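Hi everyone, thanks for coming.

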Amino acid sequence: MKHTAYDLVVVGTGFASTFFLKQYLSKAPASAKVLVLERGHLFPRAERVKEIIGEKSAYAGLNPISNDTFENHKPDKDWHFSVGFGGSSNCWYGCTPRFLPSDFRMKTLYGIGNDWPVQYDELDPYYEQVEDLMSISGPAETPYPRKKAYAQPPHLFTAVDTILHQKYGKLYINQPTARARVAMNGRNPCCASAVCSVCPVDAKFTIENSNFRVYEDPRVELQQGAQVYGLELVQDRVRKVSFRQDNKDHHAAGEVVALGANALFNANILLNSGDKNPFTGRGLGEQLGLQAHVYLDNLQSLGGSTWVNANGYMLYDGEHRKEYAACLMESSNAPFFRPESGKWRHMASFRMIFEDLPDHDNYVATTSDIMKPAIHFKGPSDYTLKGIEKMKQRLPDVLSCLPVEKIIYDQPYASEAHILGTTRMSATAEQGVVDKHLRHHQYRNLFVLGSGSFTTYTPANPTLTLSALSLLSAHQSF
């Protein structure tokens, strides 16, 4: 390290950390000293493409495999994320719908969970900022309010999408996405090959291709291979951040500290540090998804310009959320074929994604290895499982505008790759860990970023919202 003390110490280089840092630097003086501690190392996209196609890369093996970084006490439940510079921007698929205004008011509207302490209107300008920074492709009309156009035109519908949009209007829209529709900011148009985790054409927004240049800023010192494991907490403040690099322990003092690891490791750091908030580490969860394959009578599902062409909101919001979970539909455009001669493309495929509720018995705990948390997860809630049952009853009517022959459902996926909860946002410390600005209720110079802060677990993809929350949060860091 260049210094022993810093104005800001940031943990991680994923979405949450990077958007926080970008906003912070826009306000910080030229004399500011910022330390960024990244557990992994840069593994450039071009090198990851080599690895995927079987070529040798000097970067292979540089970062740990995610499953080796924690103890999983429910092995049939996967927790997908990426370790390395850029975090899970390296493995995400680029889906960026906003939450609905009702998602922030579940208790008030439906008597479920708790209301978020931050509301849609407060987050709206930060949603806009993130959408511009990511050059999001999206439609003119959406089921959530927006004040300005998306940076890029929408992706194209398939033939099936067109029919559903004609019936449902803004409840069935071109998916807002960070997979480029047209070349922009050094990114190429999406090739619709459905291998988005390592985009072969660099169409998907990542921290690596963002051109933010925050990690090249002269005020910022980036240390890679530096895993944070604890904080020194003194009189309701964080004094130092403890990390291990090259098998040696180091400590850096910070006037402000921002934890931007994922929900597993933010919780582990806090628990290792002696945080006694009863919600720290608790409420771990994510959405639940399954695939619905719709066989069609003499209608080919052709066209589209990206992996997920559309989002359907017909089963999302409404009074049913008092009893069972909302469902967001994703129109899948990955290569698929109906296994019948002459009917290869006479089908559509939808990913049905369901919200869930925080459960105190799903949690992160410490282990004898200070670096490796234990994950305890008993499974999705009855609220979510009932949502699946009701969706199967309602979907035939929703799709009645199509010539449906039959619908075949896969088993639920082991993961939606969205790790939520463990540092819940709340109005008071009696209900959660951080306030509406992601500032810890007790340690007021500590920000705990990311989707671990979510109060409830909407079916919409979390990345846009967690990035917007980081921009909002950074305004409070001075």
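So, what do the buried residues of α4 pack against? They pack against α1 (15–27) and α8 (463–474), where contact means heavy atoms within 4.5 Å. Before I go on: this is a predicted model, so local features need pLDDT of at least 70 and side-chain atom pairs count only at pLDDT 80 or more, while totals for chains, interfaces and linings use all residues. Residues are numbered from 1 along each chain as its sequence is written, and side-chain values use heavy atoms, with hydrogens and water left out.

Back to helix α4, residues 120–133. Helices here are DSSP runs of H or I with at least four residues, strands are E runs of at least two, and numbering starts at the N terminus. Among the buried residues of α4 are Y120, L123, Y126 and Y127, and also D124, E128 and E131; buried is under 20% relative accessible area with a 1.4 Å probe, protein chains only. At Y126, α4 bends by about 25°, the angle between axes fitted to the seven residues ending there and the seven starting there. After α4 comes S135, with a positive phi near 50°.

Now the sheet. Three strands make an open, mixed sheet in the order β3-β14-β13; strands pair if DSSP finds at least two bridges between them. At the edges sit β3 (71–72) and β13 (363–365), each pairing on one side only. β3 and β14 (residues 374–376) run parallel, joined by two bridges. N72 has I375 in β14 as its bridge partner.

Key:
The expected span of a helix is 1.5 Å times one less than its number of residues. Buried means under 20% relative accessible area, exposed over 50%, partly exposed in between (1.4 Å probe, protein chains only).
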